[in-house]
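Student: I have a new structure to read. Could you walk me through its features?

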Amino acid sequence: MKTTPFLRHLALSFLSLSLVVSSCTRHLEDVTPDSKKVNNAEDAGDVVVMATATIDANTVQQTIQGFGGMSVPIWIGDLTADQRTKAFSTSSGIGMSILRVMVPTSSSQFAAEKATIDVAKSYGAKVIATAWNAPPSMMDGLYLRASSWGDYAAHLRAYTQAVGGVYALSPWNEPNYLASDWMHASATEIANFVAAQGDNCGAPIMCPEPFNMDQTFINTYLSNATAKSKTLFVSGHIYGKTPYNLGNIGKSVWMTEHYTNSSISGNDWPNAMNAAKEIHDCMTAGWAAYVWWYIRRFYGPIDDNSNITKVGYVMAHFARYIRPGYTKIACSANPTTGVYTTAYKSGSKIVIVAVNTNTAVTYQPFTISGVTVNSFNRYVTTSSSNLQPSTFSISNNAFGINLPASSITTLVSN
């Protein structure tokens, strides 16, 4: 960043304000061909110019399965009809495409899950279910008895039948988190259960769902070839762990539970920006899905008064516009300090998400190869605006835009 006189700071403030409040019109002041980036940045005042973010649509990476959250009606009550719409609608809500639910230990509680499951499915969302514990009669302390494996598989199957089916099911939640009061198991024990009973649980298996996305635990589980063959995808949680690439494990990787901070509001903007960066990191690590903890909670994407929070709007930048089946494509993950970009495609459509953690407006140039793009719809969220829309045209597959200070921007090609 360079130091500028007071009047230049005033000019920057006016530029930033105009970017935020403008309606669906082309932004002539901040969209330029890449060749003009330096002059444009000089004219704008105190604007940081970053290196070009290079996007190659011909280099295809992981297939995206979606973005979502969890509902546990037997713990905190079910989502209301309004909250379901706000969670799953791509037009008026966050656009979540994954719902995670809990498998209760008692069959008398199965029906509590069904209403939200049905609505999520009606919006096209995938439903994944996790069991924290087996019924007490099948356990010794916090461990499932080997003699109860068949009964436990029947319990899981009865649940999936009662709720009308789920996309995938995890028989253990964070089995390696031994400080918990839920069911424990080693990776070998889980693999042996899945090898023996995976076909009898009523849904494809997602495993092993460890705390810390522990790769040693995952690799040990996958070393059982029969269990691996019965596993639809690998799942895990990133508490205490920065997202990382698990290497060529032969399975899609889903991050199925996390939250950034449970002690502050979902409307806290710095925390929402942490969530934006975290989702970026998961996608950059090559993972296929990102699932938040509670959908409705004061620190989550929807608050207890049914309002979409800043965390929710941040998630919408991914969930609304990057739908299941889109593929991540090669993109400079961190063009220069403070800016983080990912890109995705579906056919000839390109979606770019840019997270600007800098405290100054940042002029970010882009180049695209492998597909022709003529214009973008742009959506911007800052501390004072949510999904602010605009449109702009580009030429020769190269352009640059001003990213507002501390913001997230999604570009969707037309």
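Tutor: Start with the elements. This predicted model has 11 helices and 20 strands.

Student: How much of the protein is buried?

Tutor: Of its 414 residues, 58% are buried. The accessible surface is about 15,100 Å², and carbon and sulfur atoms hold 51% of that.

Student: How many aromatic pairs are in the whole structure?

Tutor: A search finds 25. Take Tyr152 and Phe193: the pair is tilted, with 5.7 Å centre to centre and 45° between the planes. Tyr152 belongs to helix α6 and Phe193 to helix α7, so the pair ties together parts 41 residues apart in sequence. Tyr152 is buried, at 0% relative accessibility. Phe193 is buried, also at 0%.

Tutor: Now try Phe376 and Phe399, a tilted pair at 5.2 Å centre to centre. Phe376 lies in strand β17 and Phe399 in strand β19, 23 residues apart. Both are buried.

Student: Which residues do ring pairs link into a cluster?

Tutor: Tyr177, Trp182, Phe211, Tyr239, Tyr259, Phe298 and Tyr299.

Student: Where does the charged end of Lys277 sit?

Tutor: Over the ring of Tyr340, 4.6 Å from its centre. Lys126 lies over the face of Tyr167, 5.3 Å from the ring centre.

Definitions and conventions
Residues numbered from 1 in each chain as written. Predicted model: local features only at pLDDT ≥ 70, side-chain atom pairs only at ≥ 80, totals over all residues. Heavy atoms only, no water. Helix = DSSP H or I, 4+ residues; strand = E, 2+ residues; numbered from the N terminus. Buried < 20%, exposed > 50% of the residue type's maximum accessible area, 1.4 Å probe, protein only. Areas by Shrake-Rupley, 256 points an atom, 1.4 Å probe, with all protein chains shown as cover. Phe/Tyr/Trp six-rings, centres within 6.5 Å; stacked < 30°, edge-to-face > 60°. Lys NZ or Arg CZ within 6 Å of the ring centre and 35° of its normal.
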